[in-house]
Amino acid sequence: MAPPVGIHDRNNAFADWLTAFRAEALKAGITAKTFDRAMAGVTPDPDVVAADHNQPEFVKPVWVYLDGALSDKRVARGKALLVEHRKLLDRLEKAYGVDRHVVVAIWGLESNFGDFMGSQRVVRSLATLAFEGRRPDFGRTQLIAALKIIQAGDVDPDGLLGSWAGAMGQTQFIPTTYLVHAIDFDGDGRRDIWTSLPDTLASTAHYLDVSGWQPGERWGYEVTMPVGFDYTLADMSVKKSLDAWKKNGIKRADGREFAARDTNAAASLFLPAGYKGPAFLVMNNFRAILSYNASTSYALAVSLLSDRFRGTGAIKGSWPLDERPLTRVEREELQSRLNGKGYELGKPDGIIGFNSRKAIRAYQKAVGMPADGYATSSVLDRLRRN
């Protein structure tokens, strides 16, 4: 059977790209032997292309995400593993000062404690992204880093497995992160985040340590706010001491006082579901987790899961279950309408980042809505009416 039209041309284009990239890789210090061995037989992966270009239409509400992340099964298994690996975790806490519960929580969320690390060849995935992905520069940078990992002898090309986006191992490091932060904690001369648990957990602890982890400090507190609170303060860029937040009327949700050791910590007010949902004051260790993964929902899940391992971490506030999440198309519409009203936030892309939240907050304040910067159907409906 003849191949589909275009396949031959695509393969020729990839071969030409690979020839040019080989020169780039050799210039970056990759040997010809390493390159030819790792890239032998590599072709573009259509599944990676599909995943890279497939933006999900719906965003899962944070409370649904947390239900899965904080499942009773995951909590129970994490507790058991904390006991099973107590001696290793003792050594890690002594070496890096990072809370063992958080390290194990990341392990649980990233790969379900090593069960699901991804089965795709990282070299092929990254070559595909470099050749025809949305971010070719990212693909090239990560592919050269992956080749450096192979060249160092840490893993064979066939053993360099991970996700379609190139995240690897039990705690899903991308190659550049691996090169900087992976640790040979078991002393065998290899940094193995695929099969060595000491290397895996030490690499994660080291990453958090250099990202600003503060030993002994909490990640944050669930809090309540007074009536009439100024929601423009609810932004990760606004940092105040816990004492300063108390003067704004912020209290712990459980009615207790903030721990004395955290009094001077730089805390930000975080509303994961807007003003209608639970509220949290988050501190340096929450930001360290954000360095690991920039999703605030992820950082909250890690933080709460680590608390669940201790028998705490239950959320007292209620989620706005009646608030329908916006589709990607609706988020783009919201951004376009804000642009049209002079709240410039850049090209609409359906991603609610810093500029979008700032624009939403300014609009909410102008029309008398609680200015929490949260993209909701009520905000979009108001934009449509006016």
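User: Which residues form one aromatic cluster with Trp 17?

Analyst: The model is predicted, and it holds 19 aromatic pairs. One aromatic cluster includes Trp 17.

User: What is the geometry of the aromatic pair formed by Tyr 207 and Tyr 292?

Analyst: The ring centres of Tyr 207 and Tyr 292 are 5.2 Å apart. The pair links distant parts of the chain, with Tyr 207 in helix 11 and Tyr 292 in helix 13, 85 residues apart. Planes over 60 degrees apart count as edge-to-face. The angle between the planes of Tyr 207 and Tyr 292 is 65°, so the pair is edge-to-face.

User: Are Trp 219 and Phe 280, which form an aromatic pair, buried or exposed?

Analyst: Trp 219 and Phe 280 form a tilted pair, 6.1 Å centre to centre with 40° between the planes. Trp 219 lies in the loop between helix 11 and strand 3, whereas Phe 280 belongs to strand 6, 61 residues away. Buried means under 20% relative accessible area. Because the relative accessibility is 8% for Trp 219 and 1% for Phe 280, both residues count as buried.

User: Over the ring of which residue does the charged end of Arg 218 sit?

Analyst: The charged end of Arg 218 is 4.3 Å from the centre of the ring in question. In another such contact, Lys 240 lies over the face of Trp 245, at 5.1 Å from the ring centre. For Arg 218, the ring is that of Tyr 221.

User: How many residues apart are Arg 361 and Asp 235, whose side chains meet in a salt bridge?

Analyst: The salt bridge between Arg 361 and Asp 235 has an N to O distance of 3.2 Å. Arg 361 is buried at 10% relative accessibility, and Asp 235 is buried at 9%. The pair links distant parts of the chain, from helix 16 to the loop between strand 3 and helix 12. The separation of Arg 361 and Asp 235 is 126 residues.

Conventions: Residues numbered from 1 in each chain as written. Predicted model: local features only at pLDDT ≥ 70, side-chain atom pairs only at ≥ 80, totals over all residues. Heavy atoms only, no water. Phe/Tyr/Trp six-rings, centres within 6.5 Å; stacked < 30°, edge-to-face > 60°. Helix = DSSP H or I, 4+ residues; strand = E, 2+ residues; numbered from the N terminus. Buried < 20%, exposed > 50% of the residue type's maximum accessible area, 1.4 Å probe, protein only. Lys NZ or Arg CZ within 6 Å of the ring centre and 35° of its normal. Salt bridge = Lys/Arg side-chain N within 4 Å of Asp/Glu carboxyl O.
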